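Student: I would like to learn how to read the packing and pairing in a model like this one. Could we go through it feature by feature?

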Amino acid sequence: MNTPPGPGAEERGHATPPAEEHHVVIIGAGLSGLGAAIRLRQAGIEDFVVLERSHDIGGTWRDNRYPGAACDVPGHLYAYSFAPAPSWRSTLPTAQEIHGYLRRCVSDFGLGRRLRVNNEVREARWDETEGRWHVRTDGHRYLSRFLVMATGLLSEPHVPELPGLSTFRGPAFHTARWDATCAWAGKRVALIGTGASAVQCAPRLAASAGALDVYQRSPAWVLPRLRRPVPAVERSAYRHIPHLRRLARTGVYWLRESWLLCFAGPAHRWFGTAVAALAGLHLRRQVPEAELRRRLTPSYRLGCKRVLLSNDYYPTLRRAGVRLVTDSIAEITADSVVTRDGTARPADVIVLATGFTVDEPAVAHRVTGRAGRCLSDAWSGGMAADRNIMVPGFPNMFLLLGPNSGLGHTSLTLLLEAQLDYVVDCLTQLARRRLAEVDVLPETLEAFSDRLQRHMRRTVWVRGGCHSWYLDSRTGSNTAVWPRSVRSYRRLTRHFRTDGHRVRAEDR
Ligand SMILES: Cc1cc2nc3c(=O)[nH]c(=O)nc-3n(C[C@H](O)[C@H](O)[C@H](O)COP(=O)(O)OP(=O)(O)OC[C@H]3O[C@@H](n4cnc5c(N)ncnc54)[C@H](O)[C@@H]3O)c2cc1C
């Protein structure tokens, strides 16, 4: 992995370094950016770089290192189909394992010399006359014909505006920026939030903390977590019998696709109710106390917010020294968390499990398309992209796992692979037909968005009676989740077609 000259070259009086020119610039070295790099190489496109703001690759799995961090879809599905991972040690791999897998992909596919770490993109600007993207990082410049945005939907931690948070004397950090130096054993820990990360880390925190207060705004639906270690003999069978691995993957694929019945489609209400009954049973079994159970019972329909998986979260809340606090937080003082009823609960450490900023991605302020229009302006009415990939007015730019690319029912790698195939098909066709530029037409996006939002209207994400991070805080529409099956998305992205796009030939 390469680190470019670094910030401050200009201030130190050096001349501005010459721009590196490439066919494709990829921004972000997480699952999406690395997947793009591999697929480009496989398609014979060798002239590209991957720019990454951090010191390492891995995205989500590099950043989310809180105790207990793990995937909640089966490992069989959480790996690229073109780079199988037969050696997951458990059916739901940990963050460390996934990070290790991505590192192996970097070496197996020879991506190292194309990676530019410690290289945060400050600006990406389309130059109309040159027909190129100008990308600027700290102290470095790049020029490219194509731009792939792989900056992640869940990569900007959301820190709520809690009055007094900055006055807190002890360590306070977000789960996605875990402070590994913080010695929380024996300390009083305040865990704020009860979403997917909180449910994973609360049991680990409770096991060593002196006391744990869990601050809940709204309870989640929690289902049993079907996780088991994968014995060495099974791993070896997956390694040596690729058919067996493919069979297992196909089985899990269809099982997870059928899970969509709880979220979308004409009968989702009935399927959702049946699964909610299972979740209710799980709660009743694990929490005999009626009052605690009442506070842990959601008032919205199952699926409206992310469904969580855990066998040890509810038992944790019943442990001595652990309190579930459902009063909302009024302020943070130097050494405590104060709730609206005036109670101050002392804390030595605050852990913010408060999710991510999704609807207004920071990077959108840094990308400028035709006529100097910023992506954040194009998205002032909510994020949208044709097939979730291309935005009118931003030629030769592709988004990976951007708007409406989240999935409530299965692994994101499946949707990502469909997007990668589409991008590679587009680049290959443009090269074959000697086309220099492609820009999707506004009416193409409009028709796609209308269809998408029509499907969305029949889903639990908009009808389930909750307010979730899937919904745009400005418009209330769901711009985060794909409301249909992966199979239907695959059909939609199988081939790139130039109709519905404006293209420009190479020589002018
Ligand atoms: C705690 C957690 C658990 C999850 N569990 C699951 C799961 O079980 N199953 C599932 O399918 N999905 C899960 N997800 C979703 C997960 O984010 C995706 O599966 C996947 O990792 C997204 O990959 P990505 O490459 O698109 O984004 P990321 O992994 O977020 O990577 C984006 C990269 O872009 C870099 N970047 C951002 N801005 C810039 C910039 N300006 N310049 C340069 N680099 C930049 C970031 O540093 C990062 O490395 C989970 C997410 C979280 C947060």
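Tutor: Helices (H or I, at least four residues) and strands (E, at least two) are DSSP runs, numbered from the N terminus. This is a predicted model, in which local features need pLDDT of at least 70 and side-chain atom pairs count only at pLDDT 80 or more, while totals for chains, interfaces and linings use all residues. Residues are numbered from 1 along each chain as its sequence is written, and side-chain values use heavy atoms, leaving out hydrogens and water.

Student: At what angle do the axes of α5 and α6 cross?

Tutor: Helix α5 (residues 232-240) and helix α6 (residues 242-258) cross at roughly 105°, and their axes come within 5 Å. That makes α5 roughly perpendicular to α6; angles of 65 to 115 degrees count as such, under 35 as roughly parallel, over 145 as roughly antiparallel and the rest as oblique.

Student: Which residues of α5 and α6 meet?

Tutor: Contact means heavy atoms within 4.5 Å. On the α5 side there are Ala-237, Tyr-238 and His-240, and they meet Pro-242, Leu-244, Arg-245 and Ala-248 of α6. By class, this contact has 5 nonpolar, 1 polar and 1 charged residues. Here Ala, Val, Leu, Ile, Met, Phe, Trp, Tyr, Cys and Pro count as nonpolar, Asp, Glu, Lys and Arg as charged, and the others, Gly among them, as polar.

Student: Now strands. Which strands does β1 pair with?

Tutor: Two strands pair if DSSP finds at least two bridges between them. Strand β1 (residues 20-27) runs parallel to β6 (residues 140-149), with 7 bridges joining them, and His-22 stands opposite Ser-144 there. β1 also pairs in the parallel sense with β2 (residues 48-51), over 4 bridges; Ile-26 has Val-50 as its bridge partner in β2.

Student: What is the hand of the unit made by β1, α1 and β2?

Tutor: A crossover is right-handed if, with the strands pointing away from the viewer, the path from the first strand over the helix to the second runs clockwise. With helix α1 (residues 31-42) between β1 and β2, this β-α-β unit is right-handed.

Student: What is the strand order in the open sheet of 5 strands?

Tutor: The order is β7-β16-β8-β9-β12, with parallel pairing. β7 (172-174) and β12 (322-325) stand at the edges with a single partner strand each, so one side of each has no neighbour in the sheet. On average, neighbouring strands are turned by 15° against each other, direction ignored. β7 and β16 (residues 349-352) are joined by 3 bridges, and Phe-173 is partnered by Val-351. Helix α4 (residues 196-208) lies across β8 (188-192), β9 (211-215), β12 and β16, at about 170° to β8.

Note on methods: Axes fitted to C-alpha atoms, helices over the stretch in contact; angles between N-to-C directions.
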